[in-house]
Amino acid sequence: MSFPNEKQIKKMRDKLASVEPSYLLSNNANKIQILKYKICEKFVAYLINNNLNQAQLSRKIGIDKARINNIVKYKIDQFTLDKLMEYAILIDPELDIKIV
């Protein structure tokens with residue numbers, strides 16, 4: 001495997017420039033924010049492990065695509081904890097999340 005050439009790098013930079021980034025958890029996040037973030041992580045892992053895209057997951061569990069996008073971008077301020085839990089149970093009825 002070789003290092004990408006300038007044309008390939010430019011193409012990737014252009015593509016990444018138009019993508020909305022995921023949000024990070026702040027260093028001073030409270031326990032509710034941490035729990036919400038962990039639930040969002042479960043959604044990202046579910047997409048990867050099941051080789052699904054956001055639209056497929058949206059159809060599979062009956063949640064609007066925009067809501068799924070907000071979850072996988074870690075926009076935790078867009079959700080209450082109970083709503084995120086309600087959604088998460090749709091993908092994993094045996095959901096178990098721990099906070100340390």
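I take buried as under 20% relative accessible area, exposed as over 50%, and partly exposed as in between, with a 1.4 Å probe and protein chains only. The model is predicted: local features need pLDDT of at least 70, side-chain atom pairs count only at pLDDT 80 or more, and totals for chains, interfaces and linings use all residues. Residues are numbered from 1 along each chain as its sequence is written, and side-chain values use heavy atoms, with hydrogens and water left out.

**Salt bridge**

I searched the whole structure for salt bridges (a side-chain nitrogen of Lys or Arg within 4 Å of a carboxyl oxygen of Asp or Glu). The search gave 1. E86 pairs with K83, and their closest N and O atoms are 3.2 Å apart. E86 is partly exposed at 44%, and K83 is partly exposed at 28%.

**Helix α1**

I then turned to α1, residues 6-17. The number of buried residues in α1 is 1, so the helix lies largely in the open. K15 of this helix is exposed at 56%. M12, also in α1, is partly exposed at 45%. I also looked up K15 against F43: they are 28 residues apart in sequence and 24 Å apart in space, C-alpha to C-alpha.

Notes: Helix = DSSP H or I, 4+ residues; strand = E, 2+ residues; numbered from the N terminus.
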